[in-house]
Amino acid sequence: MIKAVMVMNTQGKTRLAKFYEYLPVEKQQELIRGIFAVLCSRAENVSNFIDAESIFGPDSRLVYKHFATLYFVFVFDSSENELAVLDLIQVFVETLDKCFQNVCELDIVFNYSKVHTILDEMIFGGQVVETSSSEIMKAVEEISKSFLYPFLLCLSKKTC
Amino acid sequence: MEQLKTIGRELAMGSQGGFYQSKEFLDLVKSIGEARSKAEEDRIVLGEIETLKRRVSEPDIPKRKMKEYILRLVYVEMLGHDASFGYIHAVKMTHDDSLLVKRTGYLAVTLFLNEDHDLIILIVNTIQKDLKSDNYLVVCAALNAVCKLINEETIPAVLPQVVDLLAHPKEAVRKKAIMALHRFYQKSPSSVSHLVSNFRKRLCDNDPGVMGATLCPLFELVSTDVNSYKDLVISFVSILKQVAERRLPKAYDYHQMPAPFIQIKLLKILALLGSGDKQASENMYTVVGDIFRKCDSSSNIGNAVLYECICCVSSIYPNPKLLESAADAISRFLKSDSHNLKYMGIDALGRLIKISPEIAEQHQLAVIDCLEDPDDTLKRKTFELLYKMTKSTNVEVIVDRMIDYMISINDNHYKTEIASRCVELAEQFAPSNQWFIQIMNKVFEHAGDLVNIKVAHNLMRLIAEGFGEDDDSADSQLRSSAVDSYLHILGEPKIPSVFLQLICWVLGEYGTADGKYSASYITGKLSDVAEAYSNDETVKAYAVTALMKIYAFEIAAGRKVDMLPECQSLMEQFLASHSTDLQQRAYELQAVIGLDAHAVESIMPSDASCEDIEVDKALSFLNGYIQDSIEKGAQPYIPESERSGMLNISNFRNQDHHGASSHGLKFEAYELPKQTVQSRIPPATLASTEFVPVPEPMSVRESYPTTIVPSASSDAESTELKLRLDGVQKKWGRQTHSPATSTSSSTSKKTVNGIKQVDGSNTSNSSTWETYDSRKHVEINSEKQKLAASLFGGSSKTEKKPATGHKISKPSSHMVEKSHVRKSSMEIASEKKALVHQPPDLLDFGEPTVQSSDPPSVDPFKELEGLLEPTTQLGSTAAAATNSPDIMGLFTETPGGTHNKDDSDILSSLSKQPVTNMVGGATSTQVAQSSKGPNRKDSLEKDSLVRQMGVTPSSPNPNLFKDLLG
C-alpha cells in the first residue's frame, strides 16, 4: 500500500502532499520536513531509495526521484516493489508532462487540483489502480471536458 | 488593458481544462515563493487565512469564487496552517450540482477530513446520492470520497451502492468500486466478508485495468489466508502467461514491457501461494522461467520484474533451474553500476541465501564493495544481508563492522536497531566470553542509552555465572578482565547510564575479587562515579550498593575498613537524600559496616549473586510452636482442599485472593476476612470463623463494589486511551527522530566516504601521491580480499587478523588492476565534476558509470554557479557515459510536444532528442542541452531565477507568461 505521495522543491517547499492514511496537519508537516532533511543531504549518484522507518514507522520505504527543481517522493510498505515504484513516479511525471505539455514546477503549483485529479486516477485509496499513462490521460481529459462548458460560459460573461 | 491581460492569462490557464486559478492566488504563491524566511512565509500565509476567513463568511459568494477560496484553503493547509474554519464550506460544496464545484468539494474534504471527523455525517447522504448518479464522473468523485471518509460505522450506509457499482458499464467506475470495497475490507473485514467472492469475480473482468486493480485486494486476501485461494493458482498463472505473451492491449505496455505492474502484482501473489507448496509451485515454474528469459534487463521496469521473479523463486518450493536463473539475475544486479540495482541485488541475495547459502560466495567482493559504498541506504541494506548470513565463523568480522558503522552514525533509530542486532549476534554466536564482553562494552559505550536494560542484565548474569562450564579459573579470569576493562572505561568522559549501572554492579561484585585492586581504589572509583553522575539516581543507587558490597567483603575477610573521606561525604549526602531509595541504601550501608565479620558474611556472601535465595514457604521454623499448641489442645490445621465441603470457604477465599488483581464485580457475599491458620490464632477462634456465618459480611458486600468499581472503570479507560495512541504511533513512527536524521546522514557520509577515497580524487595531479595512493589501494584491496574470505569463506583463523599477513598473491593482482581502472575513472570523474551538477534537465536517469567520489554538495546555490557556466567537456563524458544502462531509450515513444517553456520542462530533453536518447544515461541529457544552442544559457539563467525565487512568475521572470500567452 502506498502511504503518501509528496512533491517538494529543492528548497523544501511542499508542492503537493497526499497522505493515504489520515494524519493531522502538524504531523504531516513534520514528516515532510524530516523527509526533506534526508533528501537534501543525499549525494548525487546514489540510489533512489531511503530507509524511511525512522521517519514513518516500521515497514515503510521511501522512493524519491529528482526532476529539475522537484523531488517526487512516494512512501509505501513492503507490498510494493521499489523499482516498480520508481517507474510509477515516472508514469506520474510522464502523465503530468502530457497534461501540461512539458511540465515544470510552476504548472504543479498553479494547477494542483488537476495534479490531484491525475494522482487520484493513478492511486486510489493507497492502491495503484492505473499504470498506463494514456489511460490516465483519457480519464483526466474526460473530466476536463466536462468542465469546459461552464468555463466558456463564465468567459463570455466576462467579455461582455 | 489590465483586464484584457487578466482574461488572456485566464484563457491560457483555462486551456488546461477548467482547473483555473485567479490572479490573487498566483500572487499568493509568488509571494510565498519569494519569502526569505519561514517567519515571513508564515506571516503571508496568516494574512491569507485572515482574508479567506472574511471572504468565505460573506453572503452570496458566487460558486466559482467559493471554489477558488476552498482551493486556496487546501493550499494553505498544505503549507501546514490550520484551515478548519473552511471545512464546512468544503462540505457544502460537495452538495453542489455542478460537477466542477462538486469535485473540488470532494477533493477538499478528502484532504481536510478524516473518517472520524464530525462533519462526515453531513457528507454521507451526498455520497449516497452521488453514487447513484447517472454521470459516471460524479460517481467516481464520490467513490474517491468513500475511500477516504467512510469509517466502520458508515460502511453499511454506502455498501449496497458500492456493490452495485461493481457491475457498472464504465470500467473506471468498476475499478474504483473494487478499490472502495477493498478499503472497506481493510477497515472492517467483517463488514464485507460476505462480498469477498466479488473480488474473484472481478478477476475475470474484460478490462485489464479492472483485473489489475483486483489484484490489490486479492494480494491482501491471499496474504492473510493462503489456503482458501490455492484454487486460483491456475488462474493467476494463466493470466500471468497471457500478460507475458503480450495479449493485453498495447496501452498497458510500459517501456516495451507488457503490463509490468500487473506482472509484478501477480508474481507477488504467486510467491505467497507457492510458499512451501510443492504442487502449486510446480504450476508456476514454466511461466516464471519464461519471464526470466523474456525480461529486458536494460530497463528499470524490466529489472523490477526480474527482482520480483527472484523474490517469487526464493519463496516458492525450490526449483534448481529457476534458482540458477535467479542467481544469474542477482549477479547482474550486483555488477551493475546503478545503486538502485545493487540495492535490489543485495536484497534479493538476502532472500536467496536462505535457500542456497552457497551463492553468497560468488558475490563476496560485490557485497564488500556495497559495504564500503558512500550510499547510506545501500550500506544499511548490506548490513541487513550480513546479519542474515552471520555464522559462528564470521561473526567476529561482521559484528566488528557493524559496530564501526554504529559508531559512525547519528540516527538514533538505526543506531538502536544495529546495536540490538550486534547484541543478538554476539549472544548467539560469540566465540569466546572475552570477545563477548568486549563487544558488549563497545555497544554500551556507544549506544548505551538506546539498548534495552535487559541486555545489561543478561551481561551481568553472564559475568556472574560464567559460561556454565565448571571451569572456575576461566570464570574468574573473565571477571577480572571485565573489571580491568571497566576501570579503563571509567576514564572516559561521558558514559551512558545503563553502562554505568553495569559497571558499578560488576565492580561491586568482583572489583576486589582477584586481589589485583585494593578496596580503597575501587571504592574511590565508585564514589567518583556517584559524584560525577550526581543527577542520575539509578547510577547512584547502583554505586552505593556496590560500595556496600566492597565493604562487606572486606569486613568478612577480616580486614579493617577505613571509609575514604569522599565516600563518607557521599554517604552523608545520601542519608539526607530526597530519594527514599538512596536513603535506604545509605542507611543499610551504615548498618552493615557496623556489624561483625560473621554477620556480614551471612548478609553479603561473596560471589553469591547467582545463588538462589531460599525462601521457606512452608514456614518450617514454626513447627515447634504448632506442636506446642496442638499439645495444649488446639485443633490441627486442615488444608483447604479437605475443607471444601464444609462451608465453601475456599471459593470465597479464592475470590478474595483474585479480587485484588482483577477488580471484577462480585455478586456473592463476602466472607469475613479469613485469618491465617498456622500460628498466631488461638484454636478456639479458628473454629468459630470456620463455621459460624456472621451477619457482618453483608456490610462488606455493600461497601466493596462502590469502592472498587470506579477505580476499575477508570483503569479500563486509561488503558483504552493508551491503546489508541499506540496505534497511531505504530503506523507512523516516532516523531522525535526526524530532526536527528538530517544531521545523521550527512555526518555519516563523511565518515563513510572514507579518507581513502577522497585521497583518490586528489591524486590525479600529484605523482608522489599517486604512488602512495596506488599502494594504498593494493593494501585496501588485499584487506578487502581477506575481509571477503573471513565473511564468506568458512572458518579461517589466519584470515581473521587482516594486519598480520602481507601475502598478496594471485587474487590481489587482480585487485591492483581493478584499482587502476578505478583511478582512471577518477580522472574522468574530476573532469566530469562540472557536469555532475547539471542543469536540471530532467529525466536525469543517467546512472553514473563512474563512482565519483566527490563529497555531497548540499548548497544549491553553489550548484547554480556551476550551472551558469556553459560546460565544454561534453565530449569526454559522452564517451564515458555511453555504456551506462540504456534506460532513456525507452522513452523514445514519448510524443514530442511543443516546447515553449524550455529548460524547466521536465521531459523536454526526452521528446526533443529521440535519437540521442537511445545512447542513454547521462549523455542524452547533456547532448540534449548542447543542442539547444544559444538558448541554453539564457534558459539556465531563467531556471536559476525560478529556483532562487522558489517559484516566481510575472515580474522577475516575465518569460513564463510570454510563453503562456503565446
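The legends below describe close-up views of a predicted model.

**Figure 1. Overall make-up of chain A.** Chain A has 160 residues, and 78% of them count as buried. Its secondary structure consists of 6 helices and 7 strands. Followed along the sequence, these elements occur in the pattern β-β-α-β-α-β-β-α-α-α-β-β-α. Among contacts between residues at least 6 apart in sequence, 50% link residues at least 24 apart. Chain A exposes about 4100 Å², and 55% of this area is supplied by carbon and sulfur atoms.

**Figure 2. The open sheet of chain A.** In chain A, 5 strands are arranged as an open sheet, and their order is 2-1-5-4-3. The pairing within this sheet is antiparallel. Strand 2 (14-19) and strand 3 (49-51) of chain A are the edge strands, each of which pairs on one side only. From one strand to the next, the twist averages 15°.

**Figure 3. Strands 4 and 5 of chain A.** Strand 4 of chain A covers residues 61-67, and strand 5 of chain A covers residues 70-76. The two strands pair in the antiparallel sense over 7 bridges. A:Tyr64 stands opposite A:Val73, a residue of strand 5 of chain A.

**Figure 4. Helix 5 of chain A and its cover.** Helix 5 of chain A spans residues 112-122 and is mostly covered, with 11 of its 11 residues buried. Among the buried residues are A:Tyr112, A:Val115, A:Ile118, A:Leu119 and A:Met122. The buried residues of this helix also include A:Lys114, A:His116, A:Asp120 and A:Glu121.

**Figure 5. A nonpolar surface patch on chain B.** B:Ile88, B:Ile121 and B:Leu122 form a nonpolar patch on the surface. Together, these residues have about 270 Å² of accessible area. B:Leu122 lies in helix 7 of chain B, which comprises residues 120-131. Because its relative accessibility is 41%, B:Leu122 counts as partly exposed; the partly exposed class lies between the limits of under 20% for buried and over 50% for exposed.

Figure 6. B:Gln573 belongs to helix 30 of chain B, which comprises residues 565-575. B:Gln573 has a relative accessibility of 45% and therefore counts as partly exposed. B:Gln573 and B:Ala586 are separated by 13 residues in sequence. In space, B:Gln573 and B:Ala586 are 9.1 Å apart, C-alpha to C-alpha.

Technical notes: Residues numbered from 1 in each chain as written. Chains lettered and ligands numbered in written order. Predicted model: local features only at pLDDT ≥ 70, side-chain atom pairs only at ≥ 80, totals over all residues. Heavy atoms only, no water. Pairing = 2+ DSSP bridges. Helix = DSSP H or I, 4+ residues; strand = E, 2+ residues; numbered from the N terminus. Axes fitted to C-alpha atoms, helices over the stretch in contact; angles between N-to-C directions. Buried < 20%, exposed > 50% of the residue type's maximum accessible area, 1.4 Å probe, protein only. Contact = heavy atoms within 4.5 Å. Areas by Shrake-Rupley, 256 points an atom, 1.4 Å probe, with all protein chains shown as cover. Patch = residues over 30% accessible without salt bridge, like charges linked within 9 Å, V, L, I, M, F, W, Y side chains within 5 Å. Salt bridge = Lys/Arg side-chain N within 4 Å of Asp/Glu carboxyl O.
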